[in-house]
Amino acid sequence: MPEKYVHRDGLPLLVRHTGQTTLPQDPPVRGSGPAIVCLHDAGLQGSVFKDLLTALEHEEGHASALAFDLPGHGRSGSLDSLPSVEAMTETARWLADRCRFERPILVGHGMGALIALEWARTAADEVAGLVLCGAGLALAITDEAIETMRKVTRGKAPRPFDPSRVCPDSGPDLMRRAYMEGIQTDPRATLVDLEASRAWSDHFDAGPSIGVATAIVCGSAEPEMCQERARTIARSCSRATHREIQGAAHFLPLEKPQALAAEILRLARPPEVA
Amino acid sequence: MTADGKSSGRVAIAGIHEYESRWAPDKTSFQIMGECAREALADAGLSLSDVDGLFAANMTMGAMGVVGVAEYLNMKPRYLDGTNIGGSSFVAHVAHAAAAIQTGRCEVALILYGSTAASDAMAIGTGGGGGRDPGAAFVSPYGMTLVSSYAMVARRHMHEFGTTSEQLADIAVSTRQHASLNPHAKMREPITRQDVLESRLIADPLHLLDCCIISDGGGAVIVTSLERARDLRQPPIVVRGTGESVAHREIGAPDLMTIAAKQSGEQAFAMAGLEPTDIDVATIYDSFTITVLLTLENLGFCKRGEGGAFVENGGIGLGGRLPVNPDGGGLSSNHSGMRGIFLVIEAVRQLRGGLGARQVEGAEIALAHGTGGYLGLMHSGATLILGKD
């Protein structure tokens, strides 16, 4: 999977993309199909979408997809995360523009779903559609989760890993991959992510209206509370569909990349009206 | 140079640069070295064509080591030194450069280091103990890691002298206080003794905050003759004394409390004609808090077994009896695997002056000491004493 750094005000942002490798100063080459921008969860990075990008590349439809690491995450620069979902959205919009991914479908995982919603809320004409997964958890950040991460940043607790975020059917190898994805970003960035998600969620409860086509995708093994939160999001979107994918939980992009790719392409190619 | 002190003071450090970022995932270690070389040469008022001696090391260089650096920088130096004795290498490189300059083997030496340890997710402290030497076969199978070799020494110090975790914690607290004054430090939020004691136990008795951080980073140092340095852009910082040594298991049961710093420190002080009481500021390799405490004892800043009392309650803080690591050290500012070059750079910065809140007032003589390897097993020591011209 080609990778490249795109610099914003001197800050390197790592981008993974489908298609051929291009020169450092050139954007990825777009196919004739839909543009897809993947937005990662709190404390993770774009590598969580690696299998999804591969799946999209091999699907018919010539889709072009990219995933990037937000500042302070994965292999992007800065020791600090951006302080708010709004700031993350602004960075994502800048990056999509820089990579010439006009009017993309946004695939949001966890906190990435909040970024996608914020993008659709503030600049709906820039967005072709939303595919949101693991969104329920991002809307349910607890005081306990934030306090635990604060202890991690102070060296008073080990970095937590919740195995229930992976479906038990997924197997130990996938569990290990999920764990490894969770240790590649500085816990200080994760703490800011959680606080930013929490702040945005409080705002979301006021009920923003999202008009773009939206697919809410849940893993069947996600806790009921998270699934209920996801349905809340669906209710706030006037053109939302809700899908459940068997054998997956919160780490759906890792667990079922093919199924998620199918949902994305379904949104990109709505059935023709007879 | 010899250890008689007569050849001390003929060589100087004329340029320095420390890579500012602690996180450089888009760079290679060679890119970092290249950028540092450019900036250090600019600091000195020299160009790459002036350099005829090249010194470099890091943890990931290939078998050709410094030759690859020469190619990367498109240099053809007439003197090469790729000595790698662990984290102390760059302190030793200054001594080697001084010897080469005094014997006419080169005129301007460029010492380089670059590392992407953090962005490569390098697990330094939990690596197997003893490296790949034959003796490791008697250690590694029993689970000894790098951090546990230091922990073993800390536990021994506690057993022999009654040193406490609180005293070790005070080293981390002072160092973090210094880092809070350094805008480039990776960890800048002040901590308390209690914070250290409540942080996770990594290898008993060392807690997480007793351990150095892992960062990306790099640096460059320019060494030349004092005569030439006087014509350059920065005030020369004179090399007054140097020393090197090793310590190991001695095919038996060594005294864990006597480390390489004892021998290298005695050499350096003898060459400089100085005593520990003459030192205004010290930069001491702080891979772990115990490293600082034991190094201070072995360099003669306090008596054997009195390190705990020496460091506690801000003893090594700014305004304390001996300010140590005013840049925030490896415990809080940066540690990219081999920290020796930063010890030299901060010592030079302190002697040049003008560092604001973290400046040691009136600093005239500085000591830098690097430790490389495994404190409880085999390790190297390199000591450097620097002074104003």
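**View 1. The open sheet of chain A has 8 strands in the order β1-β2-β4-β3-β5-β6-β7-β8, with mixed pairing.** Two strands pair here if DSSP finds at least two bridges between them, and strands (E, at least two residues) and helices (H or I, at least four) are DSSP runs numbered from the N terminus. At the edges stand β1 (3–8) and β8 (240–245) of chain A, each with a single partner strand, so one side of each is left without a neighbour in the sheet. On average, neighbouring strands of this sheet are turned by 25 degrees against each other, direction ignored. Axes are lines fitted to C-alpha atoms, for helices over the stretch in contact, and angles run from 0 to 180 degrees between N-to-C directions. This is a predicted model, where local features need pLDDT of at least 70 and side-chain atom pairs pLDDT 80 or more, while totals for chains, interfaces and linings use all residues. As for bookkeeping, residues are numbered from 1 along each chain as its sequence is written, chains are lettered from A and ligands numbered from 1 in the order in which they are written, and side-chain values use heavy atoms, leaving out hydrogens and water.

**View 2. Strand β7 (residues 214–219) of chain A pairs with β8(A) in the parallel sense, over 6 bridges.** Look for A:Gly219 opposite A:Ile245 in β8(A). Helix α8 (residues 224–236) of chain A packs on the sheet, touching β6 (129–133), β7 and β8 of chain A. The direction of α8 makes about 175 degrees with that of β7(A).

**View 3. Helix α1 (residues 50–58) of chain A lies across β2 (11–17), β3 (35–39), β4 (64–68) and β5 of chain A.** Against β4(A), helix α1 runs at about 170 degrees.

**View 4. A:Glu263 sits in helix α10 (residues 257–268) of chain A.** At 8% relative accessibility, A:Glu263 is buried (under 20% relative accessible area; exposed is over 50%, partly exposed in between, with a 1.4 Å probe and protein chains only). Its side chain makes a polar contact with the side chain of A:Arg243 at 3.4 Å (N or O atoms within 3.5 Å; within protein, one able to donate a hydrogen and the other to accept it, and residues adjacent in sequence counting only if both atoms are side-chain atoms). Leaving aside neighbours within four places in sequence, A:Glu263 is in contact (heavy atoms within 4.5 Å) with A:Val217, A:Arg243 and A:Ile245.

**View 5. B:Asn325 has a positive phi, near 50 degrees, without being a glycine.** The residue is in the loop between α10 (307–311) and α11 (329–333) of chain B, and B:Asn325 is buried at 1% relative accessibility.
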